[in-house]
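Here's a quick tour of the model on screen, written for someone who likes to see the cut-offs. Have the viewer open as you read.

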Amino acid sequence: MYKNIAIIGASGTIGSTFISHLSKNYPEAHIHAISRQIIETKELAITPHKVDYHIEDSIQNTAHEVSRELPMDLVINATGILHDDLVTPEKSLRNLTSQSMQHLYEIDCIIPSMIAKYFVPKLNKDNRSIFAALSARIGSISDNHLGGWYSYRAAKAALNMMIKTISIETKRSNKNAIIVGLHPGTVDSPLSKPFQKNLPKGQLFTPDFSIASMTKVLNRLASKDTGKLFAFDGEEINP
Ligand SMILES: NC(=O)c1ccc[n+]([C@@H]2O[C@H](COP(=O)([O-])OP(=O)(O)OC[C@H]3O[C@@H](n4cnc5c(N)ncnc54)[C@H](OP(=O)(O)O)[C@@H]3O)[C@@H](O)[C@H]2O)c1
């Protein structure tokens, strides 16, 4: 079903779990593990690639390299941050800085958009093919009941708009391509670690559970789904 797969953000919790899950369940597929660092692997069906997300040529060359022999059947972008040395999610508007907003916009919207710019044209035109970007429910404007986390919310909302807009253009050149956003649920990873304490019981997923669920969602996608955002359980999230 999937012959040529690229996972971008391959060192992260969600990226690396997608690689192990897909290599186990689709042994006939070749998987390109794309990361800021070379991923160590002994699997012959996994090829590591090093990329610099801040250099457009680097993204372009990687997209070209992975699709040289076969078009892409499945591309999953699992890059993104919620916090780092420069940014903590803002509890109040008082905490907002232009630096934190710009930083999260760069990493959570611009980088996935540049990845889409070069990987979407490489999607298979003869069979169903998918570009999925890890987004988040928190980027839904209609679902925002709690407020806070300004920069992350805004960057993911902008990413959701990019997904929709890219899907409209892509329909004209590739009727088999499906472009979607995915919400993985709250997954136990370095990204969610500082915010896990107050989660209601059962709301923190293992990476295995989230990735197995999202793979089922990907497998069910049809052309009518392009441009949408789906949660790990298949629920369509309104923008
Ligand atoms: N975990 C959750 O609960 C949760 C919930 C909702 C949405 N998400 C979304 O899911 C995606 C993956 O999250 P995760 O939990 O797997 O996080 P993670 O384990 O921290 O991995 C994120 C990956 O993003 C890339 N990355 C990190 N910092 C970066 C930077 N400064 N510039 C460019 N790339 C950078 C890295 O990939 P490489 O170094 O391999 O390139 C990193 O491994 C994110 O988009 C996140 O917003 C996660």
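Where is Glu28 found? Glu28 is in the loop between helix 1 and strand 2 (30-35).

## Ground rules

This is a predicted model, so a pLDDT of at least 70 is needed for local features and 80 or more for side-chain atom pairs to count, while totals for chains, interfaces and linings use all residues. Numbering starts from 1 along each chain, following the sequence as written.

Helices and strands here are DSSP runs (H or I, at least four residues, for helices; E, at least two, for strands), numbered from the N terminus. A residue is called buried if 20 or more other C-beta atoms lie within 10 Å of its own, exposed if 12 or fewer, and partly exposed in between, with C-beta atoms placed from the backbone.

## The overall chain

The protein chain has five helices and ten strands. Its radius of gyration is 17 Å, which agrees with the value near 18 Å that a compact globule of 239 residues would have (taken over C-alpha atoms; the rule is 2.2 Å times the number of residues to the power 0.38). The C-alpha atoms fill a box of roughly 50 × 40 × 35 Å along the principal axes.

Of the 239 residues, 39% count as buried. Among contacts with a separation of 6 or more, 66% are between residues 24 or more positions apart; a contact means C-beta atoms, placed from the backbone, within 7 Å.

Helix 4 (residues 150-173) has 24 residues and should span 34 Å; its end C-alpha atoms are 35 Å apart, which agrees. The expected span is 1.5 Å times one less than the number of residues. Its buried residues include Ala155, Leu159, Ile163 and Ile166, and helix 3 (98-119) and strand 5 (129-134) are among the elements covering the buried residues of helix 4.

Helix 1 (13-25) has 13 residues and reaches 18 Å from first to last C-alpha, close to the 18 Å expected. Ile14, Phe18, Ile19 and Leu22 are among its buried residues.

## Around the ligand

There are 28 residues around the ligand, the closest being Ser11, Gly12, Ser35, Gly80 and Ser189 (near means a C-beta atom, placed from the backbone, within 6 Å). Helix 1 gives the largest share of this shell, three residues, and helix 3 and strand 7 (186-187) each supply at least two.

By class, the shell has 14 nonpolar, 13 polar and one charged residues. Nonpolar covers Ala, Val, Leu, Ile, Met, Phe, Trp, Tyr, Cys and Pro; charged covers Asp, Glu, Lys and Arg; the others, Gly among them, are polar.

## The nonpolar core

The largest nonpolar core has 56 residues, and Ala6, Ile7, Phe119 and Phe131 have the most contacts inside it. Helix 3 supplies the largest share of this core, six residues. Such a core is a set of buried Ala, Val, Leu, Ile, Met, Phe, Trp, Tyr and Cys residues joined through C-beta atoms within 7 Å. Leaving aside neighbours within four places in sequence, Ile7 is in contact with residues including Phe18, Ile31 and Ile76.

Thr88, in the loop between strand 4 (74-77) and helix 3, is partly exposed, with 14 other C-beta atoms within 10 Å. Trp149 sits in the loop between strand 5 and helix 4 and is buried, with 21. Phi of Trp149 is near 50 degrees, a positive value in a residue other than glycine.

Key:
Two residues are in contact if their C-beta atoms, placed from the backbone, lie within 7 Å.
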